[in-house]
Amino acid sequence: MNRRRRVAALVLACPWIAATLAAQEGHPLTGAWYGEWGPEGDRRQVTLVMSFDGTDVTGIMDPGPASAAVRALLDSTDWTVRIEAVRQDGTATYVAEGVIADVGSRNRSISGTWQVGDSVSSFTIRRED
Amino acid sequence: MKYRVSIGAALAAAFLAAGADAAHHALGAKFDPSRPVAITGTVTKVDWLNPHVHIFLEVGSGPDTVAWAVELESRIDLGRSGWTGDELAVGDVIRVEGPSARNETPQVWGESVVRAEDGARLYTLTEAAAIPPIAEARPTPRWPDGTPRLGPEPGERGYWGRPGLTSLMETGVEADVDADGLLADIADVDRVAPFRQWARDLYAVRQRDGLKDDPLFLYCKPPGGPRQFQLPQGVQFVQEPYRERIWVMIGGGNHNWRFIHLDGRDPMDPAQPDFGHPLYYGRAVAEWEGDTLVVETIDFNEDFWFSNGGLPHTEQLRLMERITRPDHDTLEYEVTIDDPGAYTRPWTAAWTLEWIPGDELPRYFCQDNRP
């Protein structure tokens with residue numbers, strides 16, 4: 001599914017997601033992020049939509065039948081991030097740890113390590129409109 | 001001539017290429033005051049446009065010639081000071097001093113522009129002299145029912161400008177800040193407002209970056225919240241008593257407007273067609289308390305900066321504004337920011353605006369989106 005179709009699917013899927021997609025300048029984790037994770041030669045696309053309720057950052061990974069619930073922590077003193085995601089059916093848990101780059105930009109990104117079970121690889125996601 | 005064309009083409013290409021990420025901007029975002037330059041060169045073009053006038057120069061000679069761009073204030077600001085853009089012609093030689101570009105391209109902010117031929121100093125701002133002084137205090141204009149008029153009287157021209165404070169700062173805090181909201185001393189970050197940690201740290205990043213990511217300048221995003229009362233191009237009120245609403249027309253930014261409703265409506269009525277979509281200007285309802293318009297605004301989106309200087313906010317932002325016109329030429333503006341997502345407690349800032357007589361809101365559009 002190309003990016004436009006994925007965005008359209010997100011917007012149609014949930015008004016909350018639609019509102020979050022437009023949020024750019026508030027909490028640095030809020031918004032829609034697109035990117036990939038996995039070892040070289042087996043990279044997988046990922047979509048994360050996160051929002052901040054004033055206390056916690058929560059959201060959804062890969063909206064759709066195989067989505068995962070997301071919880072994220074930000075340490076703004078060094079802009080490090082920890083993201084945990086659990087598939088609805090409990091088949092997988094993901095832990096991503098990284099650092100936000102160019103945090104002041106609307107198109108900021110996060111890069112770091114991505115762990116599924118005992119498998120550790122890299123990931124990069126980018127905040128996009 | 002062939003040589004001139006190639007220089008001009010190269011300069012134009014560089015100028016346009018820079019435009020995508022260096023459009024209208026806070027001064028500190030593009031130029032570094034700690035790196036001043038002084039150049040003398042020959043004028044190749046005068047670009048008399050908003051949001052910034054540019055003079056293009058050739059500096060040096062032969063193969064060592066460098067094409068420079070000199071950036072000045074807006075055409076509006078320069079025009080108010082009596083400049084027309086015809087003061088220079090192609091071929092004139094000028095000397096320019098000012099801070100150079102942070103990205104080390106041959107660009108300079110024209111703090112001083114002097115024509116070599118006669119030593120004339122050009123493009124200095126004398127806005128204060130251009131606006132007629134107010135002879136004496138005049139009473140608050142009113143509607144027939146006694147309600148204060150926030151806009152011009154019938155047949156009158158004028159708008160509100162010259163904000164007394166150009167960035168949000170809690171009442172009682174004193175810190176040097178420029179017209180774009182950039183603090184003179186980064187150590188003042190912690191004094192500006194009662195930030196939550198992430199908001200404080202993000203504000204500090206934006207300040208250190210010289211406000212380079214300001215979405216008002218980069219993407220023409222509306223100046224929602226109190227920012228609409230901080231812009232140099234001013235605001236105007238249009239009251240519609242029969243429709244029980246007030247328009248707040250924005251002089252800068254993208255020249256849009258905000259509605260303040262006085263009809264007693266529920267701002268979060270789910271029957272509204274756009275309900276569920278937070279807005280740049282939020283949903284504002286108001287009532288008069290004596291001569292003060294008390295406005296409550298909620299349901300903001302997070303797609304803009306609500307103040308010069310880059311103070312963050314969240315969708316939990318709730319504003320209480322108190323707007324008073326104590327006399328014809330003074331507007332008192334007070335705002336209380338209640339955003340538990342970004343600040344640890346509600347806090348208040350206040351400033352005044354001055355009546356700019358005899359003129360309409362300037363024709364200044366961020367849609368021009370030029371470097």
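In chain A, 36% of the contacts (heavy atoms within 4.5 Å) with a separation of 6 or more are between residues 24 or more positions apart. This is a predicted model, where local features need pLDDT of at least 70, side-chain atom pairs count only at pLDDT 80 or more, and totals for chains, interfaces and linings use all residues. Residues are numbered from 1 along each chain as its sequence is written, chains are lettered from A and ligands numbered from 1 in the order written, and side-chain values use heavy atoms, without hydrogens and water.

Chain A has 2 helices and 8 strands; these are DSSP runs numbered from the N terminus, helices being H or I with at least four residues and strands E with at least two. Of its 129 residues, 49% count as buried, meaning under 20% relative accessible area, while exposed means over 50% and partly exposed lies in between (1.4 Å probe, protein chains only).

Next, A:Trp79. A:Trp79 sits in the loop between β4 (68–75) and β5 (80–87) of chain A. Its phi is positive, near 60°, and it is not a glycine. Is A:Trp79 buried or exposed? A:Trp79 is buried, at 11% relative accessible area.

In chain B, B:Glu104 lies in the loop between β4 (93–101) and β5 (107–109). B:Glu104 is also not a glycine, and has a positive phi of about 65°. With a relative accessible area of 62%, B:Glu104 is exposed.

Last, B:Ser112 belongs to strand β6 (residues 112–115) of chain B. B:Ser112 counts as buried because its relative accessibility is 14%. Leaving out residues up to four places away in sequence, B:Ser112 touches B:Arg95, B:Val96, B:Glu97 and B:Arg121.
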